[in-house]
Amino acid sequence: MRALAALVLALPLALPLAAQAGGEGSGGGAGAIRAVPAVPVSAMAVVPGGSYTPLYSPEAGAVTVGSFRMDRHPVTRADFARFVADNERWRRGAVPAVFADQGYLADWRRDLEPGGEPAAPVTHVSWFAARAYCAWAGKRLPTVDEWEFAARADETRTDGLADPAHKARILQLTMRRPGAGTPVGSVFRNRYGIHDMHGLVWEWVRDFNTVTAADDSRGGDRKDAQLYCAAGADGATDREDYAAFLRYAFRSTLKGRSTSGVLGFRCAADVP
Amino acid sequence: MTMMVGVPLRTAWLPAVLLTALTGCSAADAGQGTPADDPTAHPAHAAHIAHEAHAPHPHGVADEVVAAGEPADFSIYHAHSVWTDQHGERRPLGSLSGRVQVVGMVYLSCAYACPRMVLDMKRIEDELSHRADVGFVLVSIDPERDSPARLAEYAAGAGLDPDRWTLLHGDDGDILELAALLGIQYRRMANGEFIHSNLLTVLDADGQVVFRQMGLGANPAATLGVVRSITG
């Protein structure tokens, strides 16, 4: 697996994509980002669109997800080291506090040197930093719907979660995180060719700060709103999907500048 | 590396709690003010996120020496987004610096909460006797419908003084980034309505969040106190 990750890292950047996919923001958003014009195509998998029912949504029913591409692995410490080498303002010690809390890259040996396992997922990164990384790579963060949709697949099926055995396995993977230092590619490769969706690190999504729970208070009075709040998890569409519940709960605790040793990210892009 | 599964378990109640600060276009009143560093402004304090402890420095507490042209460490003007105002002018976010700003994120086709939020802002403006060193900013979360022309029309209709009021149109990514900087949640629904935090943010002249007024129809006394304390 380490060899595979190294191979991905070593791929020449001479495989340009037809289009700069989905870089967003008027000026690269949070700060000047030096654009890297090429994305190694093979580092990303195509996820054909479809629909799924989110665990939490303010609206009932299925959500349609368009086709997109997603990194096969979470962004590694070595990947992120190239980014900070290229973008001084995202180095530890240089990043403005408004974009990252004090835990930012706290486990790195030096500002430009991650140390540890280079093929392990980078963690201790804020949403702003993850977003800047993806813009630098000519990509973007996946939306919560894209991430959750891709995460439903097992090795052979696009919707492995229909199978209670797979659902149990996902929960087990979620509860047994191998910890920092485990190289990417360690957790199963799903039908789309994407690794590590469960059981390696939690991952940032583009719209972590959108409302994911239902709002029954519309048209109601204050009492109704309080009743809803008291109802807690009753808005969940699949009470058996406990791993998804954990993900939604975790995301809801985050601010854009939050960092954590168990939180990393991967990038996505539109289909060319 | 210890396991962190206990974190989500302990924080599992948070999705519901978050809704106390969120409404659709028809919801609860009774707001309250919270200092920006008050954990109730955002319940992330319960998470074992590394080093949440921080507070934007109120003036007079820690006047930092800031390199010329470089915003203070907690300034939202570190974001380099560029917007279009109601006059059709391109405006970097940092062009709001230099005076205290009261910021609300709204969408103009909203029938209930957004007009109330603007009323709350106008009330603050009135109480401050329309002083020139406090500005008011409405940022649209609905860039598709709220074109700069629509913003201008709204500003005129609502009698918003262009010397003090700035209405901003931007792209989706920049709106999302600004919302993250201000701790505002929003979501577009399939029917075109939005759910969003009813939250006013007070920025000091350097762009640091110094106060949040939560809810609609809130008593602005605390907000006014903060604004007066930082404008002198």
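Reader: Which residues of helix 3 of chain A meet helix 5 of chain B?

Author: Contact means heavy atoms within 4.5 Å. By that rule, A:Trp127, A:Phe128 and A:Arg131 in helix 3 of chain A meet B:Gly173, B:Asp174, B:Leu176, B:Glu177, B:Ala180 and B:Leu181 in helix 5 of chain B. By class, this contact has five nonpolar, one polar and three charged residues (Ala, Val, Leu, Ile, Met, Phe, Trp, Tyr, Cys and Pro count as nonpolar, Asp, Glu, Lys and Arg as charged, and the others, Gly among them, as polar). This is a predicted model, where local features need pLDDT of at least 70 and side-chain atom pairs count only at pLDDT 80 or more, while totals for chains, interfaces and linings use all residues. Residues are numbered from 1 along each chain as its sequence is written, chains are lettered from A and ligands numbered from 1 in the order in which they are written, and side-chain values use heavy atoms, without hydrogens and water.

Reader: How are two helices described?

Author: Two packed helices are described by the angle between their axes and the distance between the axes. Axes are lines fitted to C-alpha atoms, for helices over the stretch in contact, with angles from 0 to 180 degrees between N-to-C directions. Helices (H or I, at least four residues) and strands (E, at least two) are DSSP runs, numbered from the N terminus. Here, the axes of helix 3 (residues 127–136) of chain A and helix 5 (residues 172–182) of chain B come within 11 Å and cross at roughly 160°. That makes the two helices roughly antiparallel (under 35 degrees is roughly parallel, over 145 roughly antiparallel, 65 to 115 roughly perpendicular, the rest oblique).

Reader: At what angle do helix 2 and helix 3 of chain A cross?

Author: Their axes cross at roughly 85° and come within 11 Å, and the two helices are therefore roughly perpendicular to each other.

Reader: And what about strands?

Author: Two strands pair if DSSP finds at least two bridges between them. Strand 10 (residues 199–203) of chain B runs antiparallel to strand 11 of chain B, with five bridges joining them. They form a hairpin with five residues between them, and B:Gly207 in the turn has a positive phi of about 90°.
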